[in-house]
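Visitor: I would like a close look at one part of this model. Please pick a place where two elements pack together, and walk me through it.

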Amino acid sequence: MYETDLYVVDFEGLIDLKTKIKDIKFLAIYLKTDIETRIKRMKSRGDDYQKIRERLSNDTIMFDLAKYSYLIDYSIYNNSNQTDEIVDTIDKIIVVERKRL
């Protein structure tokens with residue numbers, strides 16, 4: 001296993017981590033999900049129309065790739081419900097990055 005911590009943060013949180021903690025190398029992996037998949041997932045967990053609309057509006061601001069792309073080391077498309085595939089992809093990225101150290 002790896003000596004690795006995993007943090008789920010928005011771009012502001014990533015900026016905080018990278019600027020305030022200088023002695024640790026942070027690897028930013030962006031999970032990109034298309035809008036249709038996000039809406040389907042929110043509906044399946046019972047979110048109402050207003051909550052979905054607010055979330056999508058907020059996400060447009062919080063995850064502005066044009067503004068924050070310089071922070072991202074890897075992007076993974078997360079449009080399926082195959083969690084195992086996403087975990088395997090992240091695991092492979094970690095293996096590659098560890099070899100670079």
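**A close look at one helix pair**

Guide: The chain has 5 helices and 2 strands. This is a predicted model. Along the sequence, the elements follow the pattern α-β-α-α-α-β-α. The C-alpha trace spans about 45 × 30 × 20 Å along its principal axes.

Now go to helix 2, residues 35-44. Start at its N-terminal end. Asp 34 caps that end. A side-chain oxygen of Asp 34 lies 3.3 Å from the backbone nitrogen of Glu 36. Next, look past the helix. Gly 46 follows helix 2, and its phi is positive, near 95°.

The partner is helix 3, residues 49-62. Two packed helices are described by the angle between their axes and the distance between the axes. For helix 2 and helix 3, the angle is about 140° and the axes are 11 Å apart. Angles over 145 degrees would count as roughly antiparallel. Helix 2 and helix 3 are therefore oblique to each other. Their crossing is right-handed.

Which residues meet? Helix 2 brings Ile 35, Arg 38, Ile 39, Met 42 and Lys 43. Helix 3 brings Ile 52, Arg 55, Leu 56 and Asp 59. The residues of this contact divide into 5 nonpolar, no polar and 4 charged. An α-helix has 3.6 residues a turn, so residues three or four places apart point the same way.

One last stop concerns the rings. Phe 11, Tyr 30, Phe 63 and Tyr 68 form one aromatic cluster. The count of aromatic pairs comes to 5.

How values were computed: Residues numbered from 1 in each chain as written. Predicted model: local features only at pLDDT ≥ 70, side-chain atom pairs only at ≥ 80, totals over all residues. Heavy atoms only, no water. Axes fitted to C-alpha atoms, helices over the stretch in contact; angles between N-to-C directions. Helix = DSSP H or I, 4+ residues; strand = E, 2+ residues; numbered from the N terminus. Parallel < 35°, antiparallel > 145°, perpendicular 65-115°, else oblique. Left-handed = near helix turned anticlockwise from the far one by under 90°. Contact = heavy atoms within 4.5 Å. Nonpolar A, V, L, I, M, F, W, Y, C, P; charged D, E, K, R; others polar. Phe/Tyr/Trp six-rings, centres within 6.5 Å; stacked < 30°, edge-to-face > 60°. Polar contact = N/O pair within 3.5 Å; in protein donor to acceptor, adjacent residues only side chain to side chain.
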